[in-house]
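Thank you all for coming; I would like to take a few minutes to walk through one structure with you.

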Amino acid sequence: MTQPLVTILDDEPEIRRILTDVLEDAGFRTQSFSRAREFEAALNRVTPDVCLVDLSLPDTDGLALVHRLALEQGAAVIIISGRAQVQDRVTGLELGADDYITKPFDPAEVVARIRARLRNPRSQTSHSDTAIFNGWIAHFDRYVLEDGAGVETPFSHAEGEVLRLFLESPKRLISRAQMQESLGGAAGDSFDRAMDVRISRLRTKLGEDPKNPRVIKTIYGAGYIFLGDVSWK
C-alpha cells in the first residue's frame with residue numbers, strides 16, 4: 001500500500017525539518033516547500049493526502065491559499081500557524097480548513113491530527129459520489145452542490161465530510177460524539193467550533209433560514225438530524 005503523502009508549506013526551515021522528520025518516522029511520505037508558488041506548482045503534478053499550510057507566507061495570503069485548496073483539492077487542509085487568536089482559527093475553518101494547529105506545537109500531536117483526518121468514512125461506504133436530496137444534487141467527486149436550475153455552488157473538503165455523514169444517515173440523530181468518532185479530531189471546544197462553522201456554511205449553501213433551519217436540524221443537547229429523502233447514484 002502506498003504511504004500517504006503530506007505536503008508541508010512553511011517558510012521556516014526548522015519547522016519544515018521537524019515536520020519532515022517526524023512524519024517520515026511515522027510512515028508518511030513528505031514534500032516540503034518554502035514558497036506558495038512552488039507548492040502550487042507541485043499540486044499540478046500530484047494530489048497529496050494532507051496539506052500542512054502556514055498562514056504567514058512571504059509570497060501570498062495564507063488564508064486565500066487555504067480557501068483555494070479547500071475548494072480545488074481533494075486533500076485535507078490543516079493550518080499550522082503562530083496566529084493563536086480565536087478569530088484566526090474561526091476564519092481558517094470558515095474558509096475550508098479541516099483543522100487548525102497553533103505554534104509552538106507538539107510534533108506527536110501533528111501526527112495524530114493527520115491520522116485522524118485520514119480516517120475518512122467515505123472509504124468504508126459503497127455509496128457513489130453523487131447524492132440527490134431535497135431538490136439538490138451533491139457531487140462529491142467535484143465538491144459542488146447543484147440546485148434544480150443547474151446552478152452549482154462549491155463546497156470544501158471539510159464541508160463535504162460533514163454533508164456526506166448527514167446524507168448517509170438521514171432522519172437519524174447524530175451526536176457530537178458520533179461526529180467526532182466518524183470524522184476524527186480531538187474532542188473538545190476546538191472540534192465543536194469546527195463543526196459549528198461547517199454546519200453553518202452548509203446551511204447557507206442550502207438556502208436555509210439560520211433562525212429556523214428545516215434540513216439540518218439542531219437538537220439542543222443531543223446533536224443534529226438531517227431531514228430529507230436521499231438517493232445515491
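Predicted model: local features only at pLDDT ≥ 70, side-chain atom pairs only at ≥ 80, totals over all residues.

Let me begin with the open sheet, which has 5 strands in the order E2-E1-E3-E4-E5, paired in parallel. Its edge strands, each pairing on one side only, are E2, residues 29-33, and E5, residues 99-102. On average, and ignoring direction, neighbouring strands of this sheet are turned by 20° against each other. Looking at one pairing, strand E3 (residues 50-53) runs parallel to strand E4 (residues 76-81) over 4 bridges, and there cysteine 51 stands opposite valine 77 in E4. Packed on the sheet is helix H3, residues 62-72, which touches strands E1, E3 and E4, and whose direction makes about 165° with that of E4.

The largest nonpolar core holds 29 residues, and the ones that touch the most other members are Phe133, Phe166, Met179 and Ile216. Several elements give two or more residues to this core, among them helix H4 (86-94), strand E6 (130-133), helix H6 (157-168) and strand E12 (223-226), while H8 gives the most, with 6 residues. A second, separate core has 19 residues, including Phe33, Phe39, Leu65 and Val66.

Returning to phenylalanine 133, and leaving aside neighbours within four places in sequence, its contacts include Leu145, Leu163, Leu206, Phe226 and Val230.

In one of them, phenylalanine 140 and tryptophan 232 have ring centres 6.0 Å apart and planes at 20°, so the pair is stacked. This pair links distant parts of the chain, 92 residues apart, with phenylalanine 140 in the loop between E7 and strand E8 and tryptophan 232 in strand E13. Phenylalanine 140 is buried, with a relative accessible area of 2%, and the charged end of arginine 164 sits over its ring, 4.4 Å from the centre.

Finally, ring pairs link Phe133, Phe166, Tyr224 and Phe226 into a cluster.

Definitions and conventions
Residues numbered from 1 in each chain as written. Heavy atoms only, no water. Pairing = 2+ DSSP bridges. Axes fitted to C-alpha atoms, helices over the stretch in contact; angles between N-to-C directions. Contact = heavy atoms within 4.5 Å. Core = buried A, V, L, I, M, F, W, Y, C linked by side-chain atoms within 4.5 Å. Buried < 20%, exposed > 50% of the residue type's maximum accessible area, 1.4 Å probe, protein only. Phe/Tyr/Trp six-rings, centres within 6.5 Å; stacked < 30°, edge-to-face > 60°. Lys NZ or Arg CZ within 6 Å of the ring centre and 35° of its normal.
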